[in-house]
Amino acid sequence: MIEPVMAPVSHEPDPELLALEQHLWQTLAEAAATRGHAWRTPVLATVDAQGVPDARTVVLREVQANARELVFYTDARAPKVAQLTARPQAAMVMWSPELSWQLRLSLDCQIETSGLAVLSRWTRLKMTPAAHDYLSPLPPGSALSGTATAPKVREHFAVVTARVTRMDWLSLDRDGHRRACFAAGQAPQWLQP
């Protein structure tokens, strides 16, 4: 009996996928640096203590493509900090109406409230109007009663570094939607939209 000859399977990554992944990281870096960029304010989803999803918009502050990391700031007393401390996995969703692109990210998050990385960012931020977000004597979501004065410290400022473990890109197009997945430690692949 003659055995069928199988064509060799290529283990080389698709060059188009590699270029797309690089373009996505460049777009994320542009978003962090550009006010008004659609991806600058993504939705971050976590899970609360009761197992209920909790989502909110955050501001993308930095992108470190080589490390596959995104950075955003938060008030250390915000519910998302307790949620990410208990369960550091999160999801982030971005939509660009201009490109008709959706980007969904799976994340492993780390929160820092002290140290050089926090101090250097606070030093840059404290002279901007955004600093007031971290100086309130009341935690985020607190009921307002009376006038509160702001403390003179940065004790409520926290930096969240989110390592991207998976990117799921979807392009909506009249000529046909396209979807691709980029997971850490795995070859990128095209997916059915």
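Trainee: How much accessible surface does the protein chain have, and what share of it belongs to carbon and sulfur atoms?
Mentor: The accessible surface comes to about 11,800 Å², and carbon and sulfur atoms hold 55% of that. Keep in mind that this is a predicted model.

Trainee: Okay, and what percentage of the residues is buried?
Mentor: Of the 193 residues in the protein chain, 35% are buried.

Trainee: How many helices and strands am I looking at?
Mentor: You have three helices and nine strands. Going along the sequence, the pattern reads α-β-β-β-β-α-β-β-α-β-β-β.

Trainee: Let's go inside. How many residues are in the largest nonpolar core?
Mentor: That core has 30 residues, and Leu-28 and Leu-70 have the most contacts inside it. Helix 1 (15–33), strand 4, strand 5, strand 6, strand 7 and strand 8 (178–183) each give two or more residues to this core. Helix 1 provides the largest share, seven residues. Another core, of 10 residues, lies apart from it, and Val-71, Val-118, Leu-125 and Phe-157 are among its members.

Trainee: You mentioned Val-118 and Leu-125. Which residues of helix 3 are buried?
Mentor: Helix 3 covers residues 116–125, and its buried residues are Val-118, Arg-121, Trp-122 and Leu-125. Looking down the axis of helix 3, you find the buried residues within an arc of 100°, so they line one face of the helix.

Trainee: Why would residues a few places apart end up pointing the same way?
Mentor: An α-helix has 3.6 residues a turn, so residues three or four places apart point the same way.

Trainee: And what about the other side of helix 3, which residues are exposed there?
Mentor: Leu-116 and Arg-124 are exposed on that side.

Trainee: What covers the buried residues of helix 3?
Mentor: The cover includes strand 3 (62–64), strand 4 (69–75), strand 6 and strand 7.

Trainee: Switching to strands. Which residues sit on each face of strand 5?
Mentor: Strand 5 spans residues 89–96. Ala-90, Met-92, Met-94 and Ser-96 make up its covered face, while Gln-89, Ala-91, Val-93 and Trp-95 are on the uncovered one.

Trainee: What does strand 5 pair with?
Mentor: Let's take two partners. Strand 1 (residues 43–47) runs antiparallel to strand 5, and three bridges join them. Within that pairing, Ala-45 has Ala-91 of strand 5 as its bridge partner. Strand 5 also pairs with strand 6 in the antiparallel sense, over eight bridges.

Trainee: How many residues lie between strand 5 and strand 6 in their hairpin?
Mentor: Four residues lie between them, and Ser-100 in the turn has a positive phi of about 60°.

Trainee: Where is Arg-68 found, and is it buried or exposed?
Mentor: Arg-68 is in the loop between strand 3 and strand 4. Its relative accessibility is 17%, so it counts as buried. Ser-100, with a relative accessible area of 23%, is partly exposed.

Trainee: Okay, new spot: Ala-162. Where is its place?
Mentor: Ala-162 is in strand 7, and it is buried, with a relative accessible area of 0%.

Trainee: What is Ala-162 in contact with, leaving aside neighbours within four places in sequence?
Mentor: Its contacts then are Arg-68, Glu-69, Leu-70, Phe-72, Leu-107, Asp-108 and Cys-109. Take Leu-70: it is 92 residues from Ala-162 along the chain, yet their C-alpha atoms are separated by 5.1 Å.

Trainee: Last topic, aromatics. How many aromatic pairs are there?
Mentor: The count comes to five aromatic pairs.

Notes:
Residues are numbered from 1 along each chain as its sequence is written. This is a predicted model: local features need pLDDT of at least 70, side-chain atom pairs count only at pLDDT 80 or more; totals for chains, interfaces and linings use all residues. Side-chain values use heavy atoms; hydrogens and water are left out. Rings of Phe, Tyr and Trp (its six-membered ring) pair if their centres lie within 6.5 Å; planes under 30 degrees apart count as stacked, over 60 as edge-to-face and the rest as tilted. Buried means under 20% relative accessible area, exposed over 50%, partly exposed in between (1.4 Å probe, protein chains only). Two strands pair if DSSP finds at least two bridges between them. The arc is that of the directions from the helix axis to the C-beta atoms. Contact means heavy atoms within 4.5 Å. Accessible areas come from the Shrake-Rupley method with a 1.4 Å probe; for residues, only the protein chains shown count as cover. A nonpolar core is a set of buried Ala, Val, Leu, Ile, Met, Phe, Trp, Tyr and Cys residues joined through side-chain atoms within 4.5 Å.
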